[in-house]
Amino acid sequence: MDSVGVAAAAPDAGPGPAWQSKCPWGAPSTTSISCSLADVMSEQLAKELQLEEENAAFPEVVAAAEGPFITGENIDTSSDLMLAQMLQMEFDREYDAQLRREERKINGDSKVSISFENYRKVHPYDSDSSEDEVDWQDTRHDPYRADKPTTTPRRGFIGKGKDITTKHDEVVCGRKNTARMENFAPEFQVGDGIGMDLKLSNQVFNALKQHAYSEERRSARLHEKKEHSTAEKAVDPKTRLLLYKMVNSGMLETITGCISTGKESVVFHAYGGNATEDKDKVIPPECAIKVFKTTLNEFKNRDKYIKDDYRFKDRFSKLNPRKIIRMWAEKEMHNLTRMQNAGIPCPQVVILKKHVLVMSFIGQDQVPAPKLKDVTLSSEDMKKAYYQILNMMQQLYRECNLVHADLSEYNMLWHDGKVWLIDVSQSVEPTHPHGLEFLFRDCRNVSQFFQKGGVAEALNERELFNAVSGLNITADNEVDFQAEIEALEKMNEDHVQNHGKKLSMFSSDGDPPIYDE
Ligand code: ADP
Ligand code: MN
């Protein structure tokens, strides 16, 4: 698989990359390249999962692959399905190119032209076909919402006179049972019972239902095991396919390597290609690809950010975990866009595909800009950075109506002589039930960092909080200050409950003072 995967495009990945000597901040002993691309892409477990999936879907094919044709020990047949899909994509593209040539030939210079559009195999970027391939747009209209159940009439029978049928009628009941099988878990193959007018007795139906439920539970358990055992660095086959498609479609030139593996995401570097869906959009020469992990355990403790975010409130309860992860990606995209519009230095969104967010790369020649915590700034730059952050926090609050909620020297990059904000998937609006607490924590991180860094002008966390929010909390110690913050949050919640809108102190008429050098 690796020979055709995105990994193939990464000749430079691995230890000791060339950029180390070029790094303008001196040779970093703590390199940000935390693993090789191959590590991430050839995840043993992902393969096992794939194999398992294929075993279920095509038992005989896999059996054949294990036959006498394979001689070498290390020939990897585990990703045949994906390989086939990739080859198919390649084939479809060639087919389309041929179609386009024929179309041109037939039309020539003629004023009237015919289009072969409908015969095309690949429509740019939407050739997703597998079962849960729903784009982020779909999360607005949850396609999995259950239909309104059809009820049996109260009186328990339909019709008149001798045509009367009761709900106990054997034939009707049998057909109904067959139809009800459709409600079993989607992976449970029920066949075309309706098409062949199958009539299931209650007894058989109930036995099947029992079986379907226990299968569902078993598969959920298996699934959970997989989620937990998938190692930190995993990029599952579906994600690999998604990345491959991005390269294949020409949107990305190459994916060169992995910049960071965190608990919740893996970030790759890529060179931008030149094919876009939107003709006016230019893909940045270098991109960062943030893959939100589909391993769910890490996301569980992040519930509080999104669950109480009213923007996602209606959706949260209905969604499955996979969709919730897509929602993180979606949230990061929306938040970055707001910041971009306010002119805050941050990555520019290129595209979002499911749980994969492509944005512009902060850094140069594959070298990511260093985090503020890793860079040694002159005292002059340090002071400059401090005022810039103060301003950005105010802009974020006032113009973007956002609180970063994970702001620290870890999520600020130093590039081009200024600070860039990243990692905003958890950012919330100030009126979020815990928004002000998050802001206070951000303020504490920022003011501690700069006070330790020797910036004499740095406000303390309480002053910074007031400067950013425009609120005027007077408590002179942390405990009281925090208590007041929580009281404000509660007041706002109650207000929202009673009046359906937020308190006026959160609206923008009470602008906070602008701080400047
Ligand atoms: P996490 O949730 O894993 O902390 P981040 O968004 O902070 O995710 O990304 C992890 C790391 O990847 C960052 O610390 C940074 O070094 C790098 N990174 C992320 N986005 C970019 C980008 N657009 N340009 C350059 N480096 C990036
Ligand atoms: Mn981060």
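Student: In this predicted model, why does Cys258 count as buried?

Tutor: Cys258 has a relative accessibility of 1%. Buried means under 20% relative accessible area, so Cys258 counts as buried.

Student: What makes Cys287 count as buried?

Tutor: The relative accessibility of Cys287 is 0%. That value is to be set against the limit of under 20%, and therefore Cys287 counts as buried.

Student: How many disulfides does the rule give?

Tutor: The count comes to zero disulfides. A disulfide requires a pair of cysteine sulfur atoms within 2.5 Å.

Student: Why is the arrangement of Tyr386 and Tyr387 called an aromatic pair, and which kind is it?

Tutor: Their rings lie 5.4 Å apart, centre to centre, and rings pair if their centres lie within 6.5 Å. The angle between the planes is 70 degrees; because planes over 60 degrees apart count as edge-to-face, this pair is edge-to-face. Both Tyr386 and Tyr387 are buried. Ring pairs also link Tyr386, Tyr387, Phe449 and Phe450 into a cluster.

Student: What kind of aromatic pair do Phe440 and Phe465 form?

Tutor: The pair of Phe440 and Phe465 is edge-to-face as well, with 5.9 Å centre to centre and 80 degrees between the planes. Phe440 belongs to helix H14 and Phe465 to helix H15 (residues 461–469), so the pair ties together parts that are 25 residues apart in sequence. Phe440 counts as buried, at 0% relative accessibility, and Phe465 counts as buried at 0% too.

Student: Which residues have the most contacts inside the largest nonpolar core?

Tutor: That core has 64 residues, and those with the most contacts inside it include Tyr386, Met393, Phe450 and Phe465. Helix H13 supplies the largest share, 10 residues. At least three residues come from each of domain 2 (234–368) and domain 3 (370–505).

Student: Which residues does Met393 touch, beyond those up to four places away in sequence?

Tutor: Among them are Leu407, Leu439, Cys443, Val446 and Leu464. A second, separate core of 19 residues includes Leu243, Met251, Cys287 and Val291.

Student: What makes Asn411 and Asp423 coordinating residues of the manganese ion (ligand 2)?

Tutor: Asn411 (OD1) and Asp423 (OD) coordinate the ion at 2.2 Å, and donors are N, O and S atoms within 2.8 Å of such a metal. Asn411 lies in the loop between helix H13 (379–398) and strand E10 (412–415), while Asp423 lies in the loop between strand E11 (418–421) and helix H14 (435–452), so the pair ties together parts that are 12 residues apart in sequence. Both Asn411 and Asp423 are buried.

Note on methods:
Residues are numbered from 1 along each chain as its sequence is written. Chains are lettered from A and ligands numbered from 1 in the order in which they are written. This is a predicted model: local features need pLDDT of at least 70, side-chain atom pairs count only at pLDDT 80 or more; totals for chains, interfaces and linings use all residues. Side-chain values use heavy atoms; hydrogens and water are left out. Donors are N, O and S atoms within 2.8 Å of the metal (3.2 Å for Na, K and Ca); water is not among the atoms, so sites may look incomplete. Helices (H or I, at least four residues) and strands (E, at least two) are DSSP runs, numbered from the N terminus. Buried means under 20% relative accessible area, exposed over 50%, partly exposed in between (1.4 Å probe, protein chains only). A nonpolar core is a set of buried Ala, Val, Leu, Ile, Met, Phe, Trp, Tyr and Cys residues joined through side-chain atoms within 4.5 Å. Domain bounds come from an automatic or database domain assignment. Contact means heavy atoms within 4.5 Å. Rings of Phe, Tyr and Trp (its six-membered ring) pair if their centres lie within 6.5 Å; planes under 30 degrees apart count as stacked, over 60 as edge-to-face and the rest as tilted.
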